[in-house]
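The following note sets out several points for a student who is reading this structure closely. Please keep the sequence and the model in view while working through them.

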Amino acid sequence: MSDSELRGLRRGADYQFGRGAGAALLEDAVEVTHTSSGRPRQVHADDGRIATYATDGRFVLGLAGGRRLLDAFDAPAHRVVVGSESEPFVREGRNTFAKFVQQADPSIRPGDETLVVHENGDLLAVGRAELPGSGMADFETGMAVKVRQGTDS
């Protein structure tokens with residue numbers, strides 16, 4: 001990976017997740033795979049897939065990337081917090097429903113990449129928000145986060 005490509009990916013991560021995300025996500029990226037046209041596609045490190053660089057220019061998090069963001073940002077940034085009642089299901093990769101959300105980052109918008117964490121701070125899954133963070137805990141029905149990958153899946 002060239003220095004200019006790395007700078008571009010870091011800039012994109014900073015824009016999507018906030019200042020410092022590029023350094024946290026890509027500090028020791030071992031391999032970046034590319035499409036046949038040369039566009040970056042997958043970012044991997046020794047601890048697994050960090051993210052996929054989607055065609056719309058946004059990062060789609062893997063568990064390794066979720067762990068890095070969890071360590072890089074203080075709560076409640078990018079987090080949706082659930083309790084013990086739904087923990088085993090979310091860990092398996094099942095979706096997170098609004099009735100189980102205890103709190104969420106109010107700046108989350110539908111379509112944002114989110115971290116689903118247990119109330120004790122453990123990462124359970126990564127996924128895409130379906131509801132705004134400011135209202136997730138207020139809804140009694142509906143899917144809050146479309147889980148892409150659980151920590152046990």
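1. Glu130 has a relative accessibility of 31% and counts as partly exposed, because buried residues must fall under 20% and exposed ones over 50%. Its salt-bridge partner is Arg128, with the N and O atoms 2.6 Å apart. Arg128 is likewise classed as partly exposed, at 33% relative accessible area. Please note that the model is a predicted one.

2. How many salt bridges does the structure hold? The total is eight. One of them joins the side chains of Asp112 and Arg58, at 3.7 Å from N to O. This pair links distant parts of the chain, 54 residues apart. Asp112 belongs to the loop between β7 (101-104) and β8 (113-118), while Arg58 belongs to the loop between β3 (48-53) and β4 (59-61). Asp112 is buried, its relative accessible area being 14%, whereas Arg58 is partly exposed at 29%.

3. A further salt bridge is formed by Glu113 and Arg148, whose closest N and O atoms are 2.9 Å apart. Glu113 is part of strand β8 and Arg148 of strand β10 (residues 143-150), so the bridge ties together parts that are 35 residues apart in sequence. Is Glu113 buried or exposed? With a relative accessibility of 7%, Glu113 counts as buried. Arg148, at 35%, is partly exposed.

4. The largest pocket has a volume of about 270 Å³. Its lining consists of 13 residues, and those nearest the centre are Tyr15, Gln16, Phe17, Arg109 and Asp112. Asp112 is also the residue that pairs with Arg58 in a salt bridge. Which element gives the most to this lining? Helix α1 (residues 3-17) does, with four residues. Sorted by class, the lining comprises three nonpolar, five polar and five charged residues.

5. The largest nonpolar core contains 26 residues. The members that touch the most others are Phe17, Leu25, Ile50, Phe59, Leu61, Leu69 and Leu115. Helices and strands both contribute: α1, α2 (21-26), β2 (40-45), β3, β4, α3, β8 and β9 (123-129) each give two or more residues. Another core, of 16 residues, lies apart from this one, and its members include Val80, Val90, Ala104 and Ala144.

6. His78 sits in the loop between α3 (63-72) and β5 (79-82). His78 counts as buried because its relative accessibility is 13%, and the cut-off for buried is under 20%. Beyond its neighbours within four places in sequence, His78 is in contact with Phe17, Phe73, Asp105, Ile108, Thr114 and Leu115. Two of these contacts, Phe17 and Leu115, are also named among the core members that touch the most others.

7. Leu124 is located in strand β9 and is buried, with 0% relative accessibility. Which residues does Leu124 touch, leaving out those up to four places away in sequence? They are Val82, Glu87, Val90, Arg91, Val116, Val117, His118, Gly150 and Thr151. The C-alpha atoms of Leu124 and Gly66 are separated by 9.6 Å, although these residues are 58 apart along the chain.

Technical notes. Residues numbered from 1 in each chain as written. Predicted model: local features only at pLDDT ≥ 70, side-chain atom pairs only at ≥ 80, totals over all residues. Heavy atoms only, no water. 1 Å grid on protein atoms, 1.4 Å probe; cavity = no way out; pocket = protein on both sides within 12 Å on 5 of 7 lines; lining within 4 Å. Points joined across faces, edges and corners; volume = space filled by probe spheres on them. Nonpolar A, V, L, I, M, F, W, Y, C, P; charged D, E, K, R; others polar. Salt bridge = Lys/Arg side-chain N within 4 Å of Asp/Glu carboxyl O. Buried < 20%, exposed > 50% of the residue type's maximum accessible area, 1.4 Å probe, protein only. Contact = heavy atoms within 4.5 Å. Core = buried A, V, L, I, M, F, W, Y, C linked by side-chain atoms within 4.5 Å.
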